Amino acid sequence: RASGGCPGAFVGARDLTLRRSAAPLLGVLAAGCLFRLGNAFAAVALPWLVLDLSGSGLWAGAIASASLIALVIGAFFGGALIDRHGARRVAIIAGLASAVCVGAVPAIVQLGPEALPFIAVLVAAGALLDSPGMTAQDNRIPELARLGQIPLARAVSLKSLIGNASFVAGPALAGISIGFGGASVALVIAFTCSMLSALLIAVWLPEARRRTKRNDGGMLSAFGFIFRAPPLAYLTLLVMVVVGFTSTTTSVLLPSLFHQAARAPQEFGLAASSIGAGSLCGALLLTIFPKLAGQFTALLVIVASLAMVPVALLPPLPAILPLAFIYGLLLAPLGVALNTMLFIQAPQHLRGRVQSASAVLTLAAGIPIALLTGLLVETLGSGMALMACMLATALATMCTQLWSRSADAGPR
């Protein structure tokens, strides 16, 4: 009863109607776009709402910390849930749970400041399934790409393009909606996006033929798989370093740099948007030229890092914006290369856990890097800290590349 496009991949009544078509892939990618867009709306609206209720940055930080902890826990266990219960079921449940948690917040805001502990619980509950939900949406991309006769690298690049578009457009649209009707309006939009995401998954994502029932060692087997495959281990380590420093660039280094120099906050916003726009354009190029994702990955990371070094001197904004754009543009192939290699190498019964293990490693790496970055800002100043972090990224990339070559397993 397998579908005609993917032998042995899908079963069920809907599989009999599947033919070689890109529609299932596009439907699932649209679901992922809506899910991420809803998260972007919530990421802007929730802190704003918390500050409105409490007037305290401490409450905003506490709720953000609860969300991060839940995100890491969800990433750790999400892969096993996908492999055992199926990507379709996990993606639908994650979308519905996110909608319920976000939709409940405007209802309890009427309690005033007393609602803050309940909001913290709702935010953590929603974040708990965020990583499993996004992983589940991506889990069947190889089979759906084959069904639509689309090269895997192009399909992964398209996913990256959609994700970056949501990242760039979501916060801006959320800000507009907050200005128009308050944070509750943005949360209602986030609720709608999550519900539509679950609906699209239910319509377009067929169920897997087999689910993992045997004991494969759980997440430990996924971590072992990553580090037993030298090319995958190399790219994972590289992503851990780059994502860690990139996230602190936009959340710590650039705001500190502009703030200490008494520059307008709008300038920081434009610089951060330029990085996102560069990532978006990079993802767009990779959908047209997917082979670029596997070529010169390390070299592009090094050039991107060095391009940001002059920003540490805080030149005029017209000089900063193109450098920030180049930074985002040249880093775009790295994530596509890792995801493509992961989809190719990981066996289907282990794929969800390997995806989750990769996400856990990336999130975990960001914690010490963020602490180190904050320490550097306090001791060296924001300009020197930015320069040190960019040079450290370039040096770490060269070291991982040398290790990869010594293992005779450079990125392909």
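Counting pairs of cysteine sulfur atoms within 2.5 Å, how many disulfides does the count come to?

A: The count comes to zero disulfides. A disulfide here means a pair of cysteine sulfur atoms within 2.5 Å.

A word on the ground rules. This is a predicted model, with residues numbered from 1 along each chain as its sequence is written, and side-chain values use heavy atoms, leaving out hydrogens and water. Local features need pLDDT of at least 70 and side-chain atom pairs count only at pLDDT 80 or more, while totals for chains, interfaces and linings use all residues.

C101 is buried, with a relative accessible area of 12%. C281 is partly exposed, at 32%. Buried means under 20% relative accessible area, exposed means over 50%, and partly exposed lies in between (1.4 Å probe, protein chains only).

Now step back to the chain. It has 15 helices and zero strands. Helices (H or I, at least four residues) and strands (E, at least two) are DSSP runs, numbered from the N terminus. Of the 412 residues, 51% are buried. The chain exposes about 17,600 Å², and carbon and sulfur atoms supply 73% of that area. Such areas come from the Shrake-Rupley method with a 1.4 Å probe; for residues, only the protein chains shown count as cover.

What sits inside? The largest nonpolar core has 76 residues, and L232, L254, V354 and L386 touch the most other members. Helix α13 (residues 317-345) gives the most to this core, with 13 residues. Another core lies apart from it, with 27 residues, among them L46, L53, L116 and A190. A nonpolar core is a set of buried Ala, Val, Leu, Ile, Met, Phe, Trp, Tyr and Cys residues joined through side-chain atoms within 4.5 Å. In soluble globular proteins, nonpolar side chains tend to be buried together.

Look at L254. Beyond its neighbours within four places in sequence, its contacts (heavy atoms within 4.5 Å) are T249, F268, I275, M308, V311 and L386. Across the chain, 85% of the contacts with a separation of 6 or more join residues 24 or more positions apart.

S274 sits in helix α11 (residues 265-288). S274 is buried, at 12% relative accessibility. Leaving aside neighbours within four places, S274 is in contact with L321, A324 and F325.

Next, the backbone. Helix α1 (residues 23-54) has 32 residues and reaches 46 Å from its first C-alpha to its last, close to the 46 Å expected. The expected span is 1.5 Å times one less than the number of residues. Just after α1, G55 takes a positive phi of about 65 degrees.

Most residues other than glycine have a negative phi. Q149 has a phi near 55 degrees, a positive value. Q149 lies in the loop between α6 (141-147) and α7 (152-181). Q149 is exposed, at 60%. L314 also has a positive phi, near 55 degrees. L314 is in the loop between α12 (297-308) and α13. L314 is buried, at 16%.

Last, confidence. The predictor's confidence in each residue, pLDDT, runs from 0 to 100. The chain averages 79, and 86% of the residues score at least 70. Over residues 1-17, pLDDT stays under 50. Where pLDDT is low, the predicted coordinates should not be read in detail.
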